[in-house]
Protein chains: 2
Amino acid sequence: MITSRQNSLVKRIRHAMREHAAEIVLEGPKQVEDALAAGLKPVAVLRRGVDVSNAVFDSVADTRSPQDVIALFERPANDAQRILSRRDSIVVALDGVQDPGNVGSIVRLAAAFDAAGVILLPGCADPFAPKAIRASAGAALSVPLAQISVDELIECGLPLIAASLDGDQRDPPAREAVLVLGSEGSGVSEPIAARAQRIFIPMSHRVESLNVGAAAAILLSLSFRLRG
Amino acid sequence: MITSRQNSLVKRIRHAMREHAAEIVLEGPKQVEDALAAGLKPVAVLRRGVDVSNAVFDSVADTRSPQDVIALFERPANDAQRILSRRDSIVVALDGVQDPGNVGSIVRLAAAFDAAGVILLPGCADPFAPKAIRASAGAALSVPLAQISVDELIECGLPLIAASLDGDQRDPPAREAVLVLGSEGSGVSEPIAARAQRIFIPMSHRVESLNVGAAAAILLSLSFRLRG
């Protein structure tokens, strides 16, 4: 049993939780089982009070009420081009969505409405951060996720569609398009906005904007209906 | 300047934040100005470092990065029957939605899609809790909100519509109906479910359910389109 916070594996888990690099950390039996079922490669699985002492376990776990297992996995390697090649649905691109809860919620919606996957432009929260995985209700382990650069997205060959308050169409595409969602405050970044078709969500004038998760729910569900 | 945590006004603010009863607490200049503009009645407005010492202010404020003003207001008194009497839109009823972030998000959506108001059945988070007001982006100060009992709702005379995974219609009503949203885990309570028309949101079989805020976004935006 590991009883030291300085243990190399414990330090590696802490590093993975902080750095969001080549390895990711999952907590709780549901997440760990889902990840194994999804084919993610485990590096280590540590049970509280069995493989690691309660005190060391609790010092590492992210949740306030830590569950009894924490695991280190290799980050799933997905290729943005492969996601973009699926032409029977739409692709979701996130641009500067910094809140891991919003990223996770949108990944969950991508699963619910069968998007081809979620591609992340620079400035987004890590979809494998513990808070994002929780908000995704585990969908982060099954929806294809990949990073992409602004240039790669612009050159991907699919129409880019951006939600906007002054858009000129109401219905999102059913397939063969990228739905770009920006941060609520600043929207999508300029080079993408300049090349995107603008779509708007009809709403009252009583509010200035919608939360990005709400916009995603509305547009992805409409796109799913149009495919249906 | 108030310099004691035992000051009676400070204790009254702390009490209001805990009890969610006849008085509510708002934080930050934006919320306080919006509340005054919306006609809420202020009991006291305390500026950090002016009316109250920094230390006492920070001990009371809810946010981690406290803003420089906190205010105590009388809770706005709305009548559920008045909300239900508006027949040119739909009414949102929440049943056991315990998370203040979800309650606030739905209040914001009610404003965005011009619902008549939000009525809260027992077991919901207080829409005037600081976290709910923040999630509402201030809409809690303009959207009519009221408590209602299960019996009152059942006897309100309007059709009750509940989102369900096995519903038999896809489109929400445009007006003259109550859209009842339950907690994600347990749905709407039995006496309401027994009397409600079930509506479902078409989605893939990859997920078991949607977050209640996502369901609200989809159904309220569709209802707004149907009115439009």
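## Where chain A meets chain B

The contact (heavy atoms within 4.5 Å) draws 30 residues from chain A and 30 residues from chain B. This is a predicted model, in which local features need pLDDT of at least 70, side-chain atom pairs count only at pLDDT 80 or more, and totals for chains, interfaces and linings use all residues. Residues are numbered from 1 along each chain as its sequence is written, chains are lettered from A in the order in which they are written, and side-chain values use heavy atoms, leaving out hydrogens and water.

Let's start with area. About 2400 Å² is buried between chain A and chain B, 54% of it on carbon and sulfur atoms; buried area is the accessible area (1.4 Å probe) that two parts lose on being put together, summed over both. In chain A, R108(A), R206(A) and R225(A) lose the most area to chain B, together 30% of what that side buries.

Now for the charges. Four salt bridges are counted between the two chains, each a side-chain nitrogen of Lys or Arg within 4 Å of a carboxyl oxygen of Asp or Glu. One of them joins R225(A) to D171(B), with the closest N and O atoms 3.0 Å apart.

| Class | Side of chain A that touches chain B |
|---|---|
| Nonpolar | 17 residues |
| Polar | five residues |

Notes:
Nonpolar A, V, L, I, M, F, W, Y, C, P; charged D, E, K, R; others polar.
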